[in-house]
Amino acid sequence: MIIRVSLPTHLRTLAQVTGTITLDVPEPVTQQAILDLLESAYPMLRGTIRDSTSKERRPFIRFFACGEDLSHQPPESSLPGEVTSGIEPFRIIGAMAGG
Amino acid sequence: MSTVRVLVGTRKGAFILTADQYRQNWTVDGPHFPGWEIYHITSAPSDPKRLYASQSSGWFGQVIQRSDDGGKTWETVNNEFAYDGTPGTHQWYDGTQHPWEFKRVWHLQPSPTDPDSIYAGVEDAALFHSKDGGKSWSELSGLREVKGNLWQPGAGGMCLHTIVLSPDNPDRIFVAISAAGAFRSDDAGASWRPINQGLKSDYELPDAEAEVGHCVHSIAMHPSRPNILFMQKHWDVMRTDNGGDSWHEVSGNLPSDFGFPIAVHAHEPDTIYVVPITSDSYHYPPDGKLRVYRSRSGGDQWDALTDGLPQENCYVNVLRNAFAIDSLESCGVYFGTTGGQVYVSPDSGDHWVTAVHDLPPVLSIEVQIL
């Protein structure tokens, strides 16, 4: 399945990409499958979105798609059809912090 | 003619400053890694084109960058700093035990002879070593066995911020940790001993002369005298003449013996520098005057260096890694401030120029002569 992934500015710079990233993710398309493939294709992102060992999401990272916060969904749960069909990007964003 | 290259790590990126040997007119290149905290950017003594940078962020964690062309291009290397075995616990603020958790790399220290051999001092305090230019990291976990369960973070975090490699003995390593103290290994990092005898922390520790727990801010050595080290502690400027086996105070006539960096002149082993800060509660210079203090007697007798530095309304700080010395015949002295200024003296501190004055808060300074 062709999935689009949107990264926050600093991770786009780190990965040396512009715009959204396109990944061919095997089914079933889950958060974990997307992140595994993303880190394989862009190894410089390892550890910046989730812990390298535990694979837990970093505290100030959030996952959004289709106007929903998917951050607390289990990593192995399925994603909305608009994401798996490539219509909507899977958005990785840095949480608001500071003032 | 020599080129001087200054590597500056800041809260919002890295900057590379260059000048000729007169060190008056500076070109500023950057920011590199814009928006990221660069706790340290440094070079390998054995290969001036090999640079390393510790890039970190509260959102995205730790990244290690390496350059093989003097900072023109960079590549990420391994950013996985896994504590050896079961990490264990250290003392927490409330007196309970708390698991060791990696947060960031504070200090990178390449070997003097091998550009691929590099040490990393991290928070929560531990020492890592890479033998392959940062492609993999292994913890030298014997360090945390030295009463690590009694170490406790200070306000700045429990960080290993200083690594000093002995120039005459590749097996001897000194490190300093806030707030645990100074430690020495004589077997290339396999085993360690605390070297805190003589330190007194009357207001910080229940036992003022405890074996561990002292808040050492930085240590420095002249390569020609590897058994003599100087220390800026939370309070007190200290000196050892026996490789850390015992320390004595050399604060002398300083207006305040609280501060962060300490450094030794390139060609005069008894000439040392500190930047006094008012107190632990007031992290800015006494009387709003930014003064570097220089001792030419290895401590005790200090003179203020002020020519070219602001002498009124100055309330910046100089952090522990933000002070450096070059090796030119007329020794250069460099420091960066939390106000974003980088000051340079091309004559051992007698006169100062402002190389750049509006950077983000400066976290680290290193200098190369090319």
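**Burial and overall form, chain A**

I began with burial: 31% of the 99 residues in chain A are buried. I call a residue buried if 20 or more other C-beta atoms lie within 10 Å of its own, exposed if 12 or fewer, and partly exposed in between, with C-beta atoms placed from the backbone. This is a predicted model, in which local features need pLDDT of at least 70 and side-chain atom pairs count only at pLDDT 80 or more, while totals for chains, interfaces and linings use all residues. Residues are numbered from 1 along each chain as its sequence is written, and chains are lettered from A and ligands numbered from 1 in the order in which they are written.

I looked up the elements of chain A and found three helices and five strands, in the pattern β-α-β-α-β-β-α-β along the sequence. Helices (H or I, at least four residues) and strands (E, at least two) are DSSP runs, numbered from the N terminus. The C-alpha trace of chain A spans about 35 × 25 × 25 Å along its principal axes.

I traced an open sheet of five strands in chain A, in the order S2-S1-S5-S3-S4 with mixed pairing. S2 and strand S4 (68-69) of chain A are the edge strands, and each pairs on one side only. Two strands pair if DSSP finds at least two bridges between them. S3(A) and S4(A) run antiparallel and are joined by two bridges; Phe64(A) stands opposite Asp69(A) in S4(A).

I then turned to helix H2 (residues 31-41) of chain A, whose buried residues are Gln31(A), Ala33(A), Ile34(A), Leu35(A) and Leu38(A). The cover over the buried residues of H2(A) includes strand S1 (2-6), strand S2 (21-24), strand S3 (61-65) and strand S5 (90-94) of chain A. H2(A) lies across these strands, S1, S2, S3 and S5 of chain A, and runs at about 110° to S2(A). For angles, axes are lines fitted to C-alpha atoms, for helices over the stretch in contact, and the values run from 0 to 180 degrees between N-to-C directions.

I checked the loop between S2 and H2 of chain A, where Pro28(A) is found. The peptide bond from Glu27(A) to Pro28(A) is cis, with omega near -5°.

**Chain B**

I counted zero helices and 30 strands in chain B. The radius of gyration of chain B is 19 Å against 21 Å from the globule rule for 370 residues, so chain B is as compact as a globular protein of that length. Of those 370 residues, 53% count as buried.

I followed one open sheet of four strands in chain B, with the order S22-S23-S24-S25 and antiparallel pairing. Strand S22 (258-264) and strand S25 (303-305) of chain B stand at the edges with a single partner strand each, so one side of each has no neighbour in the sheet. Neighbouring strands of this sheet are turned by 30° against each other on average, direction ignored. Strand S23 (residues 272-277) and strand S24 (residues 292-295) of chain B pair over three bridges, and Tyr273(B) stands opposite Arg294(B) in S24(B).

I noted a cis peptide bond from Glu123(B) to Asp124(B), with omega near -5°. Asp124(B) is in the loop between strand S11 (118-123) and strand S12 (126-130) of chain B.

I also listed positive phi values in residues other than glycine: Ala188(B) is near 60° and Asp300(B) is near 75°. Asp300(B) lies in the loop between S24 and S25 of chain B and counts as partly exposed, with 15 C-beta neighbours inside 10 Å.

**Between the chains**

Two residues are in contact if their C-beta atoms, placed from the backbone, lie within 7 Å.

How values were computed
The radius of gyration is taken over C-alpha atoms; the globule rule is 2.2 Å times the number of residues to the power 0.38.
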